[in-house]
Amino acid sequence: MATLTLSQLDKNYGAFHAVKGIDLDVADGEFVALVGPSGCGKSTTLRMIAGLEDITGGDIRIGDRVVNDLAPRARNISMVFQSYALYPHMTVGENMGFTLKIAGRDKAEIDAAVAEAARALEITQLLDRRPAQLSGGQRQRVAMGRAIVRDPDVFLFDEPLSNLDAKLRGQMRTEIKQLHARLKATVVYVTHDQVEAMTLADRIVIMKDGNIEQVGTPDEVFNQPASQFVAGFIGSPPMNMADAVTTATGLRFANGLELPMPPGFNVAEGRKVVFGLRPDDLYPEGHGIHSEGGHAVTTMDLTVDLSEPLGNETLLFVDLADKRFTGRMLNPRRVTPGEVMTFHLDLSNAHLFDADSGLSLRGA
Amino acid sequence: MKAWRLPPPVLLLLPAVIVLAAIVLLPLLLSLYSSFTPFRLTRPETIYDWVGFRNYERIFTDADFWIAFGRTVLLLTVALNLEMILGLGLAMLVERFTRGQRILRTILMFPMMFSPILVGFQFKFMFNDNVGLVNNALQSLGLTDQAIPWLIDGTLAFIAICVAEVWSSTSVFAIFILAGLMAMPRDPLEAARVDGCTPWQTFRYVTWPFLMPFAFIAMTIRSLDVARAYDIIKIMTDGGPAGRTEVLWTLIARTAYSDARMGMANAMAYVAILLSIAFTAYFFSQLGKARAQVAADW
């Protein structure tokens, strides 16, 4: 295992600037997830680390080695691909042992390593089958087995679960987490699924348009998003947002609605801002989360346009400041559209972003 | 009492059976029968003399036949291997083109558009010892001041025939292998690079196993082609000089039509067909294995 350092990493495809000078330090044994929408540069970054793409500028270090110009095979990395990328003409065992065979290890050693990895992933009974005879989940395990057999410095995962159905995805997520806990491996994990990133990663890197928007623990990126983009990307359902202008005492929205200034923000009067409130912090009276800072509650009556019962909770859609806001109702009861309910807005967890730059105004 | 009729399935299949019998089965049986007679075209009544296996016995002790047989196998081996290697190389070069690949693919197939007879004439001219392009080029480059007797020396003539065969049919391999390359997913190649493969190892362990079924299809087609090689050789050397480029079918044709020994020629033809069947069966079994390995699913 080793550390991984990206400094001023750059990638151009002709005129298209895919990755714009990003810096990132991954500690030994750390699990880092790269998330972002399609085309944000996360996969390109991963492929540059793997050596499958040339870098235009900057440095990649694995441990103390600068690996910029090394071929993938010289970097001692393992990669799990979205499509699994198994070798169809080899058995499962041959697939897993292939990297050791190429490295010239003797057969007994290869067999032992494959057997151990197969035991860890519970695929021992599949070793003699070919990939075409396996289900998607089994192929995923084989791809992971192939990666761990090698004992690499860094594991790279490129959206490994996105070809699986939802149930299997949840199951494999747990297994990846357990695997990481046992192997103490340095992992870079690319996904567009923020739930995967939140559940698996020690730290999350949120990328947009080739830039890093924020690096932080799941807790940090959820509770203290550095920008409007991060706030909208992390969390499900996404954060509610509405444009507002600061006044002497608080916020005024386009439709004239006024709210007090959320605690923790101290913004000069007359500034254009974006107000953000997570669905968890907008709830009908008696159906909310007891939040730690639940002392900045504003109460108002709102009409429910629509409700989405999910069993354990119900999502309520209401009109607030001319925007459709989503609220979350715990211990749900049946709600009919058009019903007027008393809602609590917990402003202690609200966010303000600069309307132009999109950056968080916390502590500004 | 109802008249007996043929059952409908038999009745419906009958036309096909009759047509096939008339145009394939009867001539086949007739030729098989004649291979057991000393049938000569100049003495038609000889077709009624049954001589049993005499023709076959003679074939098995006939050095000329076995030399022609061996030469056919040699031509098959040399030409097919060269065509596969060159076709593979061409396919991999053409596959790199992202623009203009369609035009290149069309150009690649040009040699297949010429009649083998014309290819034979063209190469006969090119390898002519006096006015041929090859000797001209070699002399102009100062590599030799001799007129190399390409089509007169037995070994050189065989090489010249191989060149003509390879030129005219390498594209069969190139097209099939190119189809394989284009159908091939990229991810396993990248996985191989990450797994530690050099470019050669990637080719050896990942690309080639995937391409093998495509190469074997081309092999099967071409082995049938070369096993019945006649036209190019007929034009370029006519099996000469002194039988040194004689292959099975030039020998059979000579026996049948020049020497008019049709009975003997038919016996030879049956042995030659066994050769074709053997090669086809071999390549089909290889194809089956390769396909089972790669399976349908990536």
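1. A residue counts as buried under 20% relative accessible area, as exposed over 50%, and as partly exposed in between. Keep that in mind for Leu90(B): its relative accessibility is 32%, so Leu90(B) falls in the partly exposed class. One thing to bear in mind throughout is that this is a predicted model.

2. Staying with Leu90(B), where does it lie? It belongs to helix α3 of chain B, which covers residues 63-95. Setting aside neighbours within four places in sequence, Leu90(B) touches Leu108(B), Thr170(B) and Ala174(B). Met126(B) makes a handy landmark if you are finding your way around: 36 residues separate Leu90(B) from Met126(B) in sequence, and their C-alpha atoms are 23 Å apart in space.

3. Now for the annotation of chain B. An unreviewed UniProt entry lists residues 69-283 of chain B as "domain: ABC transmembrane type-1". In the model, that stretch of chain B is 74% helix and 0% strand. The C-alpha atoms at the ends of residues 69-283 in chain B are 19 Å apart.

4. UniProt (again an unreviewed entry) also lists "transmembrane region" for chain B at residues 12-33, 73-94, 106-127, 156-181, 202-221 and 267-284. Two of these are worth a look in the model. Residues 156-181 of chain B are 100% helix and 0% strand, with 35 Å between the end C-alpha atoms. Residues 202-221 of chain B are likewise 100% helix and 0% strand, and there the end C-alpha atoms are 28 Å apart.

5. Next, a helix pair in chain B. Two packed helices are described by the angle between their axes and the distance between the axes. Helix α7 (residues 154-183) of chain B packs against helix α9 (residues 199-227) of chain B at about 150°, and their axes are 9 Å apart. An angle over 145 degrees counts as roughly antiparallel, so α7(B) is roughly antiparallel to α9(B). The crossing of α7(B) and α9(B) is right-handed.

6. Which residues of α7(B) and α9(B) meet? On the α7(B) side they include Glu165(B), Ser169(B), Val172(B), Phe173(B), Phe176(B) and Ile177(B). On the α9(B) side, Thr207(B), Phe210(B), Leu211(B), Phe214(B), Met219(B) and Arg222(B) are among them. Sorted by class, the contact of α7(B) with α9(B) has 16 nonpolar, three polar and two charged residues.

7. Over to chain A, starting with the overall picture. Chain A has eight helices and 20 strands. Its C-alpha trace spans about 75 × 45 × 35 Å along the principal axes. Of the 364 residues of chain A, 53% count as buried. If you take the contacts in chain A between residues at least 6 apart in sequence, 67% of them join residues at least 24 apart.

8. Helix α1(A) deserves a point of its own. Eight of its nine residues are buried, so α1(A) is largely enclosed by the rest of the structure. The buried residues of α1(A) are Lys42(A), Thr44(A), Thr45(A), Leu46(A), Arg47(A), Met48(A), Ile49(A) and Ala50(A).

9. Thr44(A) sits in helix α1 (residues 42-50) of chain A and is buried, at a relative accessible area of 14%. Neighbours within four places in sequence aside, Thr44(A) is in contact with Lys11(A), Tyr13(A), Ala18(A) and Val19(A). Arg47(A), also found in helix α1 of chain A, has a relative accessible area of 17%, so Arg47(A) is buried too.

10. Last, a helix pair in chain A. The axes of helix α2 (residues 92-102) of chain A and helix α4 (residues 136-149) of chain A come within 8 Å and cross at roughly 25°. Angles under 35 degrees count as roughly parallel, so α2(A) is roughly parallel to α4(A). The crossing of α2(A) with α4(A) is right-handed. Val92(A), Asn95(A), Met96(A), Thr99(A) and Leu100(A) of α2(A) meet Val142(A), Gly145(A), Arg146(A) and Val149(A) of α4(A). By class, the contact of α2(A) with α4(A) has five nonpolar, three polar and one charged residues.

Technical notes: Residues numbered from 1 in each chain as written. Chains lettered and ligands numbered in written order. Predicted model: local features only at pLDDT ≥ 70, side-chain atom pairs only at ≥ 80, totals over all residues. Heavy atoms only, no water. UniProt positions renumbered as here; feature names shortened; annotations may be inferred. Helix = DSSP H or I, 4+ residues; strand = E, 2+ residues; numbered from the N terminus. Axes fitted to C-alpha atoms, helices over the stretch in contact; angles between N-to-C directions. Parallel < 35°, antiparallel > 145°, perpendicular 65-115°, else oblique. Left-handed = near helix turned anticlockwise from the far one by under 90°. Contact = heavy atoms within 4.5 Å. Nonpolar A, V, L, I, M, F, W, Y, C, P; charged D, E, K, R; others polar. Buried < 20%, exposed > 50% of the residue type's maximum accessible area, 1.4 Å probe, protein only.
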